[in-house]
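Please load the sequence and the model before reading on.

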Amino acid sequence: MLIVIGHKNPDTDTVVSAEMFSRFLKDEGKNAQSAIPGEVNNETKFVFSRLEEKIPRIVTEKEKNEGEFFLVDHNDMRQSVAKKENVWGILDHHLLSGLRTDSPIYCRIEPLGSTCTLIYKMMKDRGMNPDKKEAALLLSGIISDTLNLNSATTTSEDIDLYYELVDIAGIDPEDFAKGMFEAKSDFSGMEMKDIIRGDLKEYEFGGKKVGIGVAETTSLKFFKENENDVVENIVKVKKEEGFDALFFGVVDIINQDTYLYPAEEEEVESIKKVFKGRREGKFFLLKGTSSRKKEIAPPLSEYYGT
Ligand SMILES: [Mn+2]
């Protein structure tokens, strides 16, 4: 059996991609099943409960060691629960990050705003029509990754396919996106450490273990009021997980700005050199920046010398 799975700290695009691509493979006659690497976030919960769909199950420890995987929405093994030798295929929209394999694998990567866009494109090529719920699921992946078509990662293909999916799903995308973003911004009852870890990606830049976490939110107030707590916990996560450098960006979904928090002095120096951000209190304001993948990670990668 082929397990279709997205990246660690799963987001909506990664979870929906796993579910929809497993259906695609099944349609091709393959024995595939979707799974998730860990608990989903509030936005993803909102999507699945609103559409009355079942969230895929969590991958087992045994499967992590022995299972055969089709990776969706990632190709960097640092962000995967799969073992490199057990990867059968990749479907993604992230930059290639150096995976070497011993035998040929299936691989399709396109610079699109979401993996869901790519899956819908493949379905269309095969003459497969998503039903109403499936269209809404795919749409939720695009909405989440492109911040409802506002992120710098949005392509004209994302926009075209988004509106096709809106027609099939028969939902008001603005209303649906609002519900998703409100759910995503609900941090009530969560520990700051878990918020920082919630969407944290690990990279290797110039031989250094660099972490960039983000929290996309419509409620900046919460972070501004808890600034000391934010910084204290970034340092804790940095130490506990052995990062050489750790950054945490609070993304203002409404205005498309990022408030980047450095862990320590070293990160302050890199932010000053890399971004033209204005320092406000403990964070740096990066105006018009909302994409870790396209606007935050690449310049940091260059800075650390890869
Ligand atoms: Mn994605």
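Helices (H or I, at least four residues) and strands (E, at least two) are DSSP runs, numbered from the N terminus. The model is predicted: local features need pLDDT of at least 70, side-chain atom pairs count only at pLDDT 80 or more, and totals for chains, interfaces and linings use all residues. Residue numbers start from 1 along each chain as its sequence is written.

**Sheet**
- Six strands form an open sheet in the order β3-β2-β1-β4-β5-β6, with parallel pairing (a pair needs at least two DSSP bridges between the strands).
- β3 (57-58) and β6 (106-109) are the edge strands, each pairing on one side only.
- β5 (residues 87-92) is joined to β6 by four bridges in the parallel sense, and Gly 89 stands opposite Tyr 106 in β6.

**Helix α4**
- Buried residues of α4 include Leu 118 and Met 123 (buried: 20 or more other C-beta atoms within 10 Å of the residue's own, C-beta atoms being placed from the backbone).
- The buried residues of α4 pack against α1, β4, β5, α5 and α6 (156-169) (contact: C-beta atoms, placed from the backbone, within 7 Å).
- Gly 127 follows α4 and has a positive phi, near 75°.

**Helix packing**
- α4 (residues 115-125) packs on α5 (residues 132-146) at about 145°, with the axes 7 Å apart (axes are lines fitted to C-alpha atoms, for helices over the stretch in contact; angles run from 0 to 180 degrees between N-to-C directions).
- The contact is made by Thr 115, Cys 116, Thr 117, Ile 119 and Tyr 120 of α4 with Leu 138, Gly 141 and Ile 142 of α5.
- α1 (residues 12-27) lies across β1 (2-5), β2 (32-36), β4 (68-72) and β5, and runs at about 175° to β2.

Technical notes: Contact = placed C-beta atoms within 7 Å. Buried ≥ 20, exposed ≤ 12 C-beta atoms within 10 Å, placed from the backbone.
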